[in-house]
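Please walk me through this protein, from its loops and strands to its side-chain pairs.

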Amino acid sequence: MQAKSAPILPPGAPALPDVPPPELTVDVTDEPAIVSERNGDLLQEKFIRRGKVYLIKVTPDKGKPYYMADEEGNGQFVRKDELDPNMWKPTWLTKPQ
């Protein structure tokens, strides 16, 4: 492997400043963001990770809550009548980006 050489500058040009690499931020907790919205008689709690909604908990004013889950990461949601959102994590979220 060949080392990078300094760029060639025209005569009389000032030297380029050393620029540190950008600071990387990593979410070590990998916790989802949860956004709540009211849509008529429904309360929707959207679980978002890596910028994508992967689970929606739907709580009607009358009736039992249910979940809409994106199991493949393709935006297609499947209804689930019972699910623990704290335990469920789709496999497509565990794959590297």
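**A walk through the fold**

Gly 75 is found in the loop between S4 and S5. Strands such as these are DSSP runs of type E with at least two residues, helices are runs of H or I with at least four, and both are numbered from the N terminus. This is a predicted model, in which local features need pLDDT of at least 70 and side-chain atom pairs count only at pLDDT 80 or more, while totals for chains, interfaces and linings use all residues. Residues are numbered from 1 along each chain as its sequence is written, and side-chain values use heavy atoms, with hydrogens and water left out.

Stay with Gly 75 for a moment. Its relative accessible area is 42%, so Gly 75 is partly exposed. The cut-offs are simple: buried means under 20% relative accessible area, exposed means over 50%, and partly exposed lies in between, with a 1.4 Å probe and protein chains only. Along the sequence, Gly 75 and Tyr 54 are 21 residues apart. In space, their C-alpha atoms are 7.9 Å apart.

Now step back to the whole chain. The protein has 1 helix and 5 strands. Read from the N terminus, the order is β-β-β-β-β-α. There are 97 residues, and 20% of them count as buried. Contact here means heavy atoms within 4.5 Å. Among the contacts with a separation of 6 or more, 14% come from residues 24 or more positions apart.

How do the strands pair? Pairing requires that DSSP finds at least two bridges between two strands. S2 and S3 run antiparallel and are joined by 8 bridges. Arg 49 has Lys 52 in S3 as its bridge partner. The two strands form a hairpin with 2 residues between them. In that turn, Arg 50 has a positive phi of about 55°.

Next comes the pairing of S3 with S4. These strands are also antiparallel, over 4 bridges. Ile 56 stands opposite Met 68 in S4. Here the hairpin has 5 residues between its strands. Gly 63 sits in the turn, with a positive phi of about 120°.

Strand S2 covers residues 42–49, and Lys 46 lies in it. Setting aside neighbours within four places in sequence, Lys 46 is in contact with residues including Ala 33, Val 35, Val 53 and Leu 55. Gln 44 is buried, because its relative accessible area is 16%. Leaving out neighbours within four places, its contacts include Val 35, Asn 39, Ile 56 and Val 58.

What about charge? Side chains of opposite charge can pair when their charged atoms come close. A salt bridge puts a side-chain nitrogen of Lys or Arg within 4 Å of a carboxyl oxygen of Asp or Glu. By this rule there are 5 salt bridges. One of them joins Glu 37 and Lys 46, at 3.2 Å from N to O. Glu 37 is partly exposed, with a relative accessible area of 36%.

Lys 80 and Glu 71 form another salt bridge, at 2.5 Å from N to O. Both residues are partly exposed: Lys 80 has 23% relative accessibility, and Glu 71 has 30%.

Glu 82 and Lys 64 also meet in a salt bridge, at 3.8 Å from N to O. Glu 82 lies in the loop between S5 (78–80) and helix H1 (91–94), and Lys 64 in the loop between S3 (52–60) and S4 (66–69), so the pair ties together parts that are 18 residues apart in sequence. Glu 82 is exposed, at 64% relative accessible area. Lys 64 is exposed as well, at 57%.

Finish with the rings. A pair of aromatic rings is described by the distance of the centres and the angle of the planes. Rings of Phe, Tyr and Trp (its six-membered ring) pair if their centres lie within 6.5 Å; planes under 30 degrees apart are stacked, over 60 edge-to-face, and the rest tilted. The structure holds 1 aromatic pair. Phe 47 and Tyr 54 form it, edge-to-face, with 6.5 Å between centres and 65° between planes. Both residues are buried.
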